[in-house]
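Subject: Structure handover

Hello,

Please find the structure below, with my notes after it.

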Amino acid sequence: MQVPAHFGYDRATSIDHALRLLARHGDQARVIAGGHSLIPMMKLRLAEPEALIDINGIDELRGITVSGDELLIGALTRHADLLSSAVVGEHFPVLHDAERVIADPVVRNFGTVGGSLCQADPSEDLSAAFVALGATGVIRGAAGSRTVPLREFHLGPYETAVAPDELLVEVRVPIRPGGSSAYTKVERRAGDWAVAAAGAAVWLGPDGAITDAGIGLAAVGAEHFTAPEAEEFLRGRAGDDAALVEAGKIAAQHCDPQADQRGPADYKRHLAGELTTRALRRAVARASGQEA
Amino acid sequence: MMITVTVNGERHSHDVEPRLLLVHFLRDVVGLTGTHWGCDTSNCGACVVWLDDTPVKSCTALAVMADGRTVRTVEGLERDGELDPVQRGFMECHGLQCGFCTPGMMMTSRWLLDRNPDPSEEEIREALSGQLCRCTGYENIVRSVRWAAENPADDSTEASQEVSPS
C-alpha cells in the first residue's frame, strides 16, 4: 500500500487566504489542486510536504474568458474544461490537440492547468503548447501580482519561477490574427507521458509567408520547452514544406533528449524533428484554412 | 480531522488523518468494498467513484478533499432494488470476467450515458480509456455499455438526479 507521509491540511477560501497560509508554512507547504501529480509523488515519498494547502474551493481561480486580445485561463481550470471550451478550440487548436492526449478522461476531470504547469514535469504537454503560443503566467504573492512569460517559467525539472510563498493564478494567451496552431505527440500507450511531443503556432502574412512562429517541445530536454533557433529560421520564410522540414531538423539539433525507459536519445531526437515538422504542417494548414 | 461525506445518499462523519485516501475511506471506514483498490497509481481506474457528479480515481484523492461533498459508488448504482441499465448490460453481455475492473468501468459508463445517451463505440472506448481490464474483455465491456444505451431505465433521468443527500 502506498501511503503518503503525515502532513497537515488547510483549505484556502480565497487567494489571499492561500497566500497567508503559504507564508505561514514557508517552503514546507505544497499547494494541492487536482492532486493528480502531487498525490502520486507523495505516495512514493518523492514529495513529503509538511502541509497541503487545498485551493479547490477558490472560485476566483477558475474559468476561461476572453478579455480584449487575450484569453485568460484560471489556474484551477480543469483539463476537461479546457478541452470542452469552444473559445479555446476556436483560437488555439494546439490546446485541444494537447488535451486530447493528456492522461485520460477521468484524470482530466480533476487535474488542473495550473497544477500541470507548476508540477513542471519535463514531459508535460501544456507547457510546450503554451510556450508555442507565447503565453504568460500571472503569479500572485504578498506584494502583489507579477507576470512571467511561460518561456521563462520553467527553471528545470519540477522547478518553476513560482516562489514558495507565491501562487500561479492565471495563464494569459495573446490572441493574434492570422495564425493557428497544432500539437503532435508520440506516446507508448494511450494516456502516457510523451516519448516526445511538439507544439507549433504560426502566423501568416497576406502573401502566405510566415510572419512569426512559436515552437514548444516536451520530453526532449529542450531548455524552457523552447526551440528558438527553429522559430527564428521560420520568420519571414514562405511556409513551404522544405522550410517546415528544415525547421524540424533545427529543433532536433538543439534539444537534448536523454535515454530512459521510453526510448534512446537518438530516437527521441528523431521524433523531436519529425513531430515539429508535422505540428508546423498542421498549423500552417489550419492558418491558411485548408484544415479544421 | 473531522469530515462529513455523503456517500450514496447517507451522511458519514468520521475523524480521519489528512493522508487517508478516498478509496481507503470508502472501503475501510465506511465499509463499502464495492470500490476496488487496484494499481494505486491512478492508471487502472478500478477505484473510480463519483465525487459530486464527476468520476475520479479515488486512489488519487484524499478523503479530506471530499469533506462536505457527495460520493457515489457502485453500491449507489441500483435504485430500490432495480439494477442500473449499465449493471444489467454487464450481465447481459458478459461485460465482467474476473470482475475486478467492473465497478470502475460501470461508474464511468453511467457518467458517459448521462452526458451522451447514445454513444458510439469510439466514444465508449474514449470514455473508458483510463481504465484497464486485465482479462482484456474490452469487446464485451463496450457491448455492455451499448446495451445499456439501448435499454435505458424508464426513469433514468430522474434516477440520476437522486444522488443529492436526502
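The notes cover the conventions, the interface, the salt bridges and the helix packing.

This is a predicted model, in which local features need pLDDT of at least 70 and side-chain atom pairs count only at pLDDT 80 or more, while totals for chains, interfaces and linings use all residues. Residues are numbered from 1 along each chain as its sequence is written, chains are lettered from A and ligands numbered from 1 in the order in which they are written, and side-chain values use heavy atoms, with hydrogens and water left out.

Interface. Chain A and chain B bury about 2400 Å² between them, 64% of it on carbon and sulfur atoms (buried area is the accessible area, with a 1.4 Å probe, that two parts lose on being put together, summed over both). Of the area that chain A buries against chain B, Y9(A), V106(A) and F110(A) supply 23%, more than any other three residues. Chain A puts 29 residues into the contact and chain B 32 residues (contact means heavy atoms within 4.5 Å).

Salt bridges. Four salt bridges cross the interface of chain A and chain B. R11(A) pairs with D67(B), with the closest N and O atoms 3.3 Å apart. Within chain A, R146(A) and E166(A) form a salt bridge with a closest N and O distance of 2.8 Å. R146(A) is in strand β7 (residues 144-149) and E166(A) in the loop between β9 (159-160) and β10 (167-174), so this pair ties together parts that are 20 residues apart in sequence.

Helix packing in chain B. Helices (H or I, at least four residues) and strands (E, at least two) are DSSP runs, numbered from the N terminus. Axes are lines fitted to C-alpha atoms, for helices over the stretch in contact, and angles run from 0 to 180 degrees between N-to-C directions.

The axes of α2(B) (residues 85-92) and α5(B) (residues 138-150) come within 8 Å and cross at roughly 135°. That makes α2(B) oblique to α5(B) (under 35 degrees is roughly parallel, over 145 roughly antiparallel, 65 to 115 roughly perpendicular, and the rest oblique). Residues of α2(B) including F90(B) meet residues of α5(B), among them W147(B).

For α2(B) and α3(B) (residues 102-115), the axes come within 9 Å and cross at roughly 125°.

Regards

Conventions. Salt bridge = Lys/Arg side-chain N within 4 Å of Asp/Glu carboxyl O.
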